[in-house]
Amino acid sequence: MQIKEILSVLEEMAPLAYAEDFDNVGLLVGDANTEATGVLVCHDALESVIDEAVSKKCNLIVCFHPILFSGLKKITGKNYVERAVIKAIKNDIAIYAVHTALDNHKQGVNKIFCNALGLINTKILIPKQNFIQKLVTYTIPENVEELRNALFDAGAGKIGNYEDCSFNSKGIGTYMGNEESNPEIGERFEFVENEEIKIEVIFEKHLQSKILKALFTTHVYEEVAYEIYDLQNAHQNIGLGMIGELPQEMNETDFLKFVKEKIDCGGIRHSQFLNKSIKKVAVLGGSGSFAIKNAIASGADAFLTADLKYHQFYEAENKLLLADIGHFESERFTKNHIVDYLTKKISNFAPSSPFGGIILSQENTNPVKYF
Ligand SMILES: [Zn+2]
């Protein structure tokens, strides 16, 4: 199996189009047209992890955080990023980063976080804006089913827990072809009035070329009439953070004890207790100070995230319990999810690594220690 085949499974797990604009996801180092020997999944592709990949004969490292985040002008090994990249290239090891592509996924980082806490009724905290487009097209009744199905197969028509969603309305279409036309119905220079069906479907904007290909290959007219619109609706299934509910409410002390145990935190820094019980919990794995206002607006009793500065604890405004549980800790189960996903989806991988096909790194790359 080639590395690129494994990368396409990773893209199914977390489409790169879901990543934030500032991010640097996907294949960062290496050649995807190489035979894969084994996959090592880690949180941070540090030099020690590259060493582990070498010793375990894995030539693909899948990391959560992109080791290459901003541009490098010199690669001389003067810092930990450059040393990791040099070592990977010297040893023919490819590095692929998932990061916000998985943060924004409904089954991604924050769902994993919620699952670790046993939260129920989860939904996205900050649904992604400017991500949905709408296709409107017109065809004859005989073509509707085939065309609609082709659009659905290309990814159109998904709304929340529903698929194959479309709106269809009857109308009259008119046209007259010129001397170079070749109309499916009628003749050149003939004014034609046809009963047509207007089909409307929505889709994620990164699927546009696939949707248009399905439209053009399935529509029966020589000239396809269609419109594409940007929608302002938020995408309820893509976005950062998540909110859910504890099956049973608890007081603040019990809640923090519970979080510490479930997530295995070295320590939790938190805003002052409000003597309220905790039921609704918002989470955002990694640096989430930007989402404090969203957590408050969502009606959460507590917001768990990481990388909070002194003044940001004031932003809780006595409206919720704000807790910094540690950056690594808040994302710690993500790598296990990636291993499970790849193991389930790749059944025909015969790795040459004696350690197996998909391996969880044993390196602890958390740079923060607790005293
Ligand atoms: Zn992170």
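## Exercises: a sheet, its core and a zinc site

Strand 2 (residues 39-44) and strand 15 run parallel and are joined by 3 bridges. Strands here are DSSP E runs of at least two residues, helices are H or I runs of at least four, and both are numbered from the N terminus. Two strands pair if DSSP finds at least two bridges between them.

This is a predicted model, in which local features need pLDDT of at least 70, side-chain atom pairs count only at pLDDT 80 or more, and totals for chains, interfaces and linings use all residues. Residues are numbered from 1 along each chain as its sequence is written, and side-chain values use heavy atoms, with hydrogens and water left out.

**Exercise 1.** Work out in which order the strands of the open sheet lie, and which strands stand at its edges.

*Solution.*
- Step 1: the 5 strands follow the order 1-4-3-2-15, with mixed pairing.
- Step 2: strand 1 (26-29) and strand 15 (358-360) are at the edges with a single partner strand each, so one side of each has no neighbour in the sheet.
- Step 3: on the strand 15 side, Leu40 has Ile359 as its bridge partner.

**Exercise 2.** Find which residues have the most contacts inside the largest nonpolar core. Such a core is a set of buried Ala, Val, Leu, Ile, Met, Phe, Trp, Tyr and Cys residues joined through side-chain atoms within 4.5 Å. Buried means under 20% relative accessible area, exposed over 50%, and partly exposed in between (1.4 Å probe, protein chains only).

*Solution.*
- Step 1: the core has 30 residues, and Ile6, Leu10, Val39, Leu60, Val62, Ile338 and Leu342 have the most contacts inside it.
- Step 2: helix 1 gives the largest share, 6 residues.
- Step 3: take Val39, whose contacts (heavy atoms within 4.5 Å) beyond four places in sequence include Ile6, Leu60, Phe349 and Ile359.

**Exercise 3.** Identify the protein donors of the zinc ion and explain why their arrangement is irregular. Donors are N, O and S atoms within 2.8 Å of the metal (3.2 Å for Na, K and Ca); water is not among the atoms, so sites may look incomplete.

*Solution.*
- Step 1: His65 (NE2), His327 (NE2) and two OE atoms of Glu331 lie 2.0 to 2.5 Å from the zinc ion.
- Step 2: the 4 donor atoms subtend angles of 56 to 129 degrees, so the arrangement is irregular. Four donors count as tetrahedral if all angles lie between 85 and 135 degrees; four count as square planar and six as octahedral if opposite donors are over 155 degrees apart and all others between 65 and 115; anything else is irregular.
- Step 3: His65, at 15% relative accessibility, is buried, and Glu331, at 2%, is buried too.
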